[in-house]
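Look at the sequence and the model below.

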Amino acid sequence: IMISWSLIAGAMMLVQGERGFYALRFLLGVAEAGFFPGVIYYLTYWVPARDRARLVGRFIVAVPVSTALGGPLSSAILELDGVYGLAGWQWLFLVETVPSLALGILTWLYLPDSPRDARWLNPREREALTGKLEAERSGVTAEHGGNALGALLEPRVLALSLCYFGVELGMYGVIFWVPQIFTHVGVASRHVGYAVAVPYALAAAAMIVWSRRSDRRMERVRHIGIASVVGCLGLVASAWWADSPAWAVVAISVGAAGTFSILPIFWTLPARVLSGAAAAGAIALINAIGNIGGFAGPFLMGWLKQLTGNFTGGLLAAAAGVLATGAGAWLIERGTDKPSVRAA
């Protein structure tokens, strides 16, 4: 996935027309689609359930960190405009291709499929970790089944898909519009890039702290619920303080911290409901439906902005999506046996 994605991203620098752009952008999405669910599934082969939120959090923290760093870094790369006859946007695609391609090759060559193949573990460590993970998977399979097709129709999987739709709608509904939101509330244009980094820096820290706490307490749904309430209140407050640049940045930061903190804890739940091929299918389905929310959120925000002339309606819609995720997780917990979800 990483190699194919990087090659297509590199090819974007050769685009000369609208059709070529859409064709490559479509292929970029096809190449990328399996990466996130693939990594989440891969981690279930390495990390016991009690440590999973913390480790998933370390992986997902790349999202807010890269968002915070991406703006200034992209601006610096665009300054290469004209070097060796390439436009700034062409340099952007070329530079992003190199690390992805290199990491894809290294992953293919050196990353083992499971602890059983890890040369850096001694035999006793391999057996202990493999035994623990297999015991967890066999327990889940015995209780919930492991049929891949059946997993796609499992009510809890469909419910989790809707939960993820809500958080993605809220998260991406705001991510793509944060610079415009800050400009709209009065943040000076020369400071917008720095202001945008604040919510994502706070979100990265909150995600790590909250996921560690969830692992330490071995509790999932309540942590998701609290994070969703914090995220919702932050986004609602950002709509309320639309005329105050400083308070808007604070409110968006709180909203981002709560929303992002949901993600690593949420992704511990599917592996506790299903295992094996069923878990792979479930994770892919949840991610696919969630990505629809990632498309709908920015579209809804833009449509409401065009309709009303401000971001208030869009921010309230994003807040509702985040709150719905917490409510959905709570309803799933009430509708299932406590050990299968709470001990995720």
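Predicted model: local features only at pLDDT ≥ 70, side-chain atom pairs only at ≥ 80, totals over all residues.

Residues are numbered from 1 along each chain as its sequence is written, and side-chain values use heavy atoms, with hydrogens and water left out.

Helices are DSSP runs (H or I, at least four residues), numbered from the N terminus. Helix α1 spans residues 2–11, and its buried residues are W5, S6, I8, A9 and G10. Buried means under 20% relative accessible area, exposed over 50%, and partly exposed in between (1.4 Å probe, protein chains only). The cover over the buried residues of α1 includes α2 (18–32) and α6 (88–110). Not counting residues up to four places away in sequence, W5 touches L28, A31, E32, E96 and S100; contact means heavy atoms within 4.5 Å.

S161 belongs to helix α9 (residues 155–175). S161 counts as buried because its relative accessibility is 0%.

The whole structure holds 16 aromatic pairs. Rings of Phe, Tyr and Trp (its six-membered ring) pair if their centres lie within 6.5 Å; planes under 30 degrees apart count as stacked, over 60 as edge-to-face and the rest as tilted. Two of the pairs are listed here.

| Pair | Centre distance | Plane angle | Type |
|---|---|---|---|
| Y42 and W46 | 6.2 Å | 45° | tilted |
| Y200 and F260 | 6.2 Å | 85° | edge-to-face |

Y200 in helix α11 (residues 189–217) and F260 in helix α13 (residues 245–266) are 60 residues apart, so this pair links distant parts of the chain. Both Y200 and F260 are buried.

How values were computed
Helix = DSSP H or I, 4+ residues; strand = E, 2+ residues; numbered from the N terminus.
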